[in-house]
Each structure stands twice: as structure tokens, then as C-alpha cells.
Amino acid sequence: MSSHLRTIALKDLLLTTGEASKRSQQLAYNNNDVSIVSHREGTPMGELTPHEEILYLRRQLAKLNRRVLNIEINNEQRLQREKIVYCLGLAYFVLKAVFWLNRN
């Protein structure tokens, strides 16, 4: 019964994307194809207990938190590099202007 529901859900997905005619010829609706789709999307297929769902969501949240933290660290490093480059560029042009004024 669960396999039948997966097949229906996969067919509905194909119909909503508008590619049912192309993909229905390529995919045989069995458990192997559903597991390939679930592996690609990273979501578990099938019935999960509430405890398993909570664990799965916690893992996903931890992954997202790591990604956001990594992005924030990279952003801070980029901002620090930009500050240094802008200060060096400004100092260069100030020195050039001072030397140009002293030349005359």
C-alpha cells in the first residue's frame, strides 16, 4: 500500500512539473526509483515516527545553522579585507596628492 502511495505522489509531482509525458517513459515506478528521488532531495520517503521526524528536523536545522555560520564568518572576513584595501587605497591617493602638491 505504501508503495502505491509513493507511486501516486511521484506521478502527481511529475504532473505538476509538466514533464509527465517525458519522464513516465523513462521511470519505472518502483521502490528503487523512489529511493533515487528521495536520495537526491535528501528527504526520507515513507512513514516516520514523531521521534524520527524530530531527529531529522534537528539534523537539518544543525546543517542550516552551520551553513549560516559559515556564510557569516566569510562575510566578516570579506568586510575586514575590504576595509584594509580601502584604507590602503585611500592612503595611496592621499600620499600621491601630498607629493603632487609638494612638487609645485
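## Salt bridge

A salt bridge is a side-chain nitrogen of Lys or Arg within 4 Å of a carboxyl oxygen of Asp or Glu. By this rule, the predicted model has one salt bridge. Arginine 78 and glutamate 82 form it, with N and O 2.8 Å apart. Side chains of opposite charge can pair when their charged atoms come close.

Both residues sit in helix 4, four residues apart, which means a separation of about one helical turn. How exposed are these two side chains? Arginine 78 is partly exposed at 35% relative accessibility. Glutamate 82 is partly exposed as well, at 27%. Here, buried means under 20% relative accessible area, exposed means over 50%, and partly exposed lies in between (1.4 Å probe, protein chains only).

## How to read the model

This is a predicted model, in which local features need pLDDT of at least 70 and side-chain atom pairs count only at pLDDT 80 or more, while totals for chains, interfaces and linings use all residues. Residues are numbered from 1 along each chain as its sequence is written, and side-chain values use heavy atoms, leaving out hydrogens and water.

## Overall fold

The protein has four helices and zero strands. Along the sequence the pattern reads α-α-α-α. Helices (H or I, at least four residues) and strands (E, at least two) are DSSP runs, numbered from the N terminus.

Of the 104 residues, 8% are buried. The accessible surface is about 9100 Å², and carbon and sulfur atoms supply 61% of it. Such areas come from the Shrake-Rupley method with a 1.4 Å probe; for residues, only the protein chains shown count as cover.

## Aromatic pair and nonpolar patch

The structure contains one aromatic pair. Tyrosine 92 and phenylalanine 93 have ring centres 5.3 Å apart and planes at 70°, so the pair is edge-to-face. Rings of Phe, Tyr and Trp (its six-membered ring) pair if their centres lie within 6.5 Å; planes under 30 degrees apart are stacked, over 60 edge-to-face, and the rest tilted. Tyrosine 92 is partly exposed at 46%, while phenylalanine 93 is exposed at 58%.

Leu90, Val94, Leu95, Val98 and Phe99 make a nonpolar surface patch, with about 480 Å² of accessible area together. Patches use residues with over 30% relative accessible area and no salt bridge; like charges are joined within 9 Å, nonpolar side chains (Val, Leu, Ile, Met, Phe, Trp, Tyr) within 5 Å. Phenylalanine 99 lies in helix 4 (residues 50-103). It is exposed, at 54% relative accessibility.

## Confidence

pLDDT is the predictor's confidence in each residue, from 0 to 100. Its mean here is 76, and 58% of residues reach 70 or more.

Where pLDDT is low, the predicted coordinates should not be read in detail.
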